[in-house]
Amino acid sequence: MPKESYNVIGVMSGTSLDGIDVAHVGFEVTDGKWAFEIRESETIPYSPAWVETLKTAVTFGDSELEKLNSDYTLLLGNAIRAFIDRHAIQNLDAVCSHGHTILHQPNHGITLQIGNLPEIAQIVGHNVICDFRVDDVKLGGQGAPLVPIGDRLLFPDYDYCLNLGGFSNVSFENNGVRVAFDISPVNTVLNFYANRLGFDFDDKGNLAKSGAIDYELLHELNNLDFYARSFPKSLGFEFVKTTVLPLIERFEISDTDKMRSFTEHIAVQTASALPKKNGKMLITGGGAYNEFLISRIQEQLSQIVVDIPGTKILEFKEALIFGLLGVLRSKGERNVLSSVTGAAHDHSSGKIHTN
């Protein structure tokens with residue numbers, strides 16, 4: 001088989017709201033084996049006003065959401081266009097963008113990622129492949145997680161791929177079938193309390209480390225119904241807003257004690273999610289910088305070798321993989337695995353907006 005090469009931009013905006021992750025990626029496929037190079041990459045921060053809007057958009061009505069989608073498509077398109085211009089990127093095959101999740105209620109047939117309107121192709125000046133979740137939900141799937149096919153194709157040497165972002169998710173092979181699911185909230189909760197204490201985030205986990213575990217709170221968190229469900233399963237910010245934060249707020253303890261208790265909860269649920277407690281695990285996402293959280297996970301999983309990669313993969317793995325999803329969609333090849341989403345069958349998902 002001839003070697004195939006692709007030159008794309010992958011774009012991701014996560015629930016932690018730290019900004020828009022943009023990665024210029026080169027892919028090569030030789031005899032079915034994938035290789036990649038992240039060339040340029042940036043996280044383009046949101047303004048405080050946009051952070052507040054995206055946090056509260058879950059409460060918007062239809063007309064407000066329609067305007068938000070239009071405004072965000074313009075914001076996102078201009079950010080990508082500026083990235084392309086800054087780095088003088090040429091000969092792009094496509095821009096492959098996730099958009100930003102506002103509503104995710106797959107059990108009601110609803111998922112909304114803003115920033116995927118057709119006009120984004122004109123704003124960016126290139127073909128855009130986007131909106132990867134909607135088709136899966138129509139096929140009865142959870143619309144998430146989408147990253148596992150990238151874990152399988154790009155990181156085959158790891159037994160587990162764990163991402164610690166706004167939420168945590170894990171991906172692994174189980175008897176030749178890729179399995180993946182969301183584990184628990186992570187930075188959506190930890191950042192909430194760090195913000196309340198006057199910090200953007202909990203640097204290295206030092207705030208949480210200074211607190212004490214409230215074991216009654218830890219017990220109640222660990223006994224939430226979500227954790228007893230079998231996969232496939234996924235989480236959205238609604239779970240944090242309606243279930244997790246109200247539960248934590250019932251406890252009259254310091255915010256650092258709440259963070260300490262929740263950090264322990266993340267570690268316990270991470271360990272509980274893995275069927276075998278040995279092997280090699282790749283950890284990526286912003287939570288990988290939380291040294292205290294990593295130490296608690298490592299304590300729970302002492303037989304697992306943890307690998308935290310260099311900055312480009314750590315911070316831009318999801319943008320990288322959305323680049324891959326776009327390439328697979330352009331080739332008409334499956335880019336969503338029904339084994340992880342619960343859809344009726346594997347499929348090639350995403351809209352293609354031409355410039």
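Modeller: Let's start with asparagine 91, which sits in the loop between α2 (62-86) and β4 (94-105). Bear in mind that this is a predicted model.

Colleague: What is the phi of asparagine 91?

Modeller: Phi is positive there, about 55 degrees, although asparagine 91 is not a glycine.

Colleague: And is asparagine 91 buried or exposed?

Modeller: Asparagine 91 counts as exposed, because its relative accessibility is 68% and the cut-off for exposed is over 50%.

Colleague: What about aspartate 131, where is that one?

Modeller: Aspartate 131 lies in the loop between β6 (128-130) and α4. Its phi is also a positive value in a residue other than glycine, near 55 degrees.

Colleague: Buried or exposed, for aspartate 131?

Modeller: Buried: the relative accessibility of aspartate 131 is 8%, and buried means under 20%.

Colleague: Next, the peptide bond from alanine 144 to proline 145. Is it cis or trans?

Modeller: That bond is cis, with omega near -10 degrees. Proline 145 belongs to the loop between α4 (134-138) and α5 (148-154).

Colleague: Which ones are they?

Modeller: Asn187, Thr188, Val189, Leu190, Asn191, Tyr193 and Ala194.

Colleague: And what do the buried residues of α6 pack against?

Modeller: Strands β7 (160-164), β8 (167-174) and β9 (177-185), along with helices α7 (206-209), α10 (237-249) and α11 (255-273).

Colleague: Which glycine follows α6?

Modeller: Glycine 198, with a positive phi near 95 degrees.

Colleague: Last topic, histidine 24. Where is it?

Modeller: Histidine 24 is in strand β2 (residues 20-30). Its relative accessible area is 8%, so histidine 24 is buried.

Colleague: Which side chain does the side chain of histidine 24 make a polar contact with?

Modeller: The side chain of asparagine 7, at 2.6 Å.

Colleague: What else does histidine 24 touch?

Modeller: Leaving out residues up to four places away in sequence, histidine 24 touches Asn7, Val8 and Ile9, then Glu37, Ile38, Arg39 and Glu40, and also Phe83, Ile89 and Leu92.

Technical notes. Residues are numbered from 1 along each chain as its sequence is written. This is a predicted model: local features need pLDDT of at least 70, side-chain atom pairs count only at pLDDT 80 or more; totals for chains, interfaces and linings use all residues. Side-chain values use heavy atoms; hydrogens and water are left out. Buried means under 20% relative accessible area, exposed over 50%, partly exposed in between (1.4 Å probe, protein chains only). Helices (H or I, at least four residues) and strands (E, at least two) are DSSP runs, numbered from the N terminus. Contact means heavy atoms within 4.5 Å. A polar contact is a pair of N or O atoms within 3.5 Å; within protein, one must be able to donate a hydrogen and the other to accept it, and residues adjacent in sequence count only if both atoms are side-chain atoms.
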